[in-house]
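Open the model in your viewer and show it as a cartoon.

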Amino acid sequence: MPAILFDLDGVLYEGDKAIAGAAEAASWFIENSIPHLFLTNTTSKSRLALVEKLAAFNIPAGVDNFLTPPVAAIQWLHTQQIKDIAVFVPATTREEFAGFNLFDNENDRVDAVIVGDLGTQWDFQIMNTVFRLLINNPQATLIALGMTRYWRAENGLQLDVGPMIKAFEYASDRKALVTGKPALAFYRSAVSLLGAEKNIVMIGDDIRGDIEAAQNAGMTAILVRSGKFSETDLELGIKPDTVLDSVADLPAWWQQNFGHI
Ligand SMILES: [Mg+2]
């Protein structure tokens with residue numbers, strides 16, 4: 001049976017507003033026991049908070065149905081047996097890193113500096129602390145929880161974590177390890193969670209982070225005309241396998257392509 005990866009923001013909801021028909025569409029996959037994962041670069045919420053957010057939209061998801069950059073980062077830290085880390089993420093995401101020794105002083109010794117989207121909490125002092133930690137710990141890996149350039153907040157487009165990471169890479173002269181979209185490694189984590197033999201379909205609103213990246217991982221990619229979608233996205237030379245008006249059209253598309261459930 002094929003599997004589905006749902007991007008969240010821009011596909012199931014926009015900010016705090018559900019997209020019309022999203023609950024019915026997502027519930028259709030859950031009720032029909034179609035293997036699925038919710039794949040998001042959001043680092044402003046823990047998986048538990050995401051479960052609650054989807055529940056408020058009448059989408060019944062469990063913690064294990066989410067693949068987030070912190071989950072992928074923690075997997076990598078375990079493989080490297082790294083324990084001492086500095087984490088720059090919103091308070092709600094910090095709890096995901098409870099099993100590690102957390103440091104946040106620029107003179108502390110750490111083996112990884114993990115950076116997520118702090119949104120409006122970013123200021124010069126925090127950025128400079130990240131920079132000094134990197135300079136003071138040349139052996140440390142800079143881990144980027146995603147590399148998204150921007151997203152659509154309620155009052156307009158807003159910088160995401162990608163531009164911040166670029167600043168830290170440039171200042172400290174090193175490359176970040178990216179554990180969110182669009183990194184191939186992130187999509188491979190999804191494949192290993194769902195089973196490598198499966199035909200996997202990704203649905204998202206980001207022509208690069210969702211569509212191009214999923215296709216690079218060998219998946220089928222469906223672009224929706226919601227969220228950050230813009231008609232000019234279709235002029236970038238990236239060809240989605242399908243474009244749907246919204247996720248509400250996904251169950252019908254699925255049955256057309258994979259037969260009635
Ligand atoms: Mg999105």
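Select phenylalanine 38 first: its bridge partner in E5 is phenylalanine 66. This is a predicted model, where local features need pLDDT of at least 70, side-chain atom pairs count only at pLDDT 80 or more, and totals for chains, interfaces and linings use all residues. Residues are numbered from 1 along each chain as its sequence is written.

Strands E4 and E5 (residues 66-67) run parallel, joined by 2 bridges (strands pair if DSSP finds at least two bridges between them; strands are DSSP E runs of at least two residues, helices H or I runs of at least four, numbered from the N terminus). Follow the chain from E4 through helix H2 (residues 47-56) to E5: this β-α-β crossover is right-handed (clockwise from the first strand over the helix to the second, with the strands pointing away from the viewer).

Next, select E1 (residues 3-7). Parallel to E4 (residues 36-39), E1 is joined to it by 4 bridges. Leucine 5 faces leucine 37 in E4.

Move to the open sheet of 5 strands, ordered E7-E6-E8-E9-E12 with parallel pairing. E7 (101-102) and E12 (177-178) are the edges; each has a single partner strand, so one side of each has no neighbour in the sheet. Isoleucine 85 has leucine 102 in E7 as its bridge partner.

Finish with isoleucine 114. Which residues does isoleucine 114 touch, not counting those up to four places away in sequence? Among them are Ala73, Ile85, Phe88, Ile143 and Leu145 (contact: C-beta atoms, placed from the backbone, within 7 Å).

Methods:
Two residues are in contact if their C-beta atoms, placed from the backbone, lie within 7 Å.
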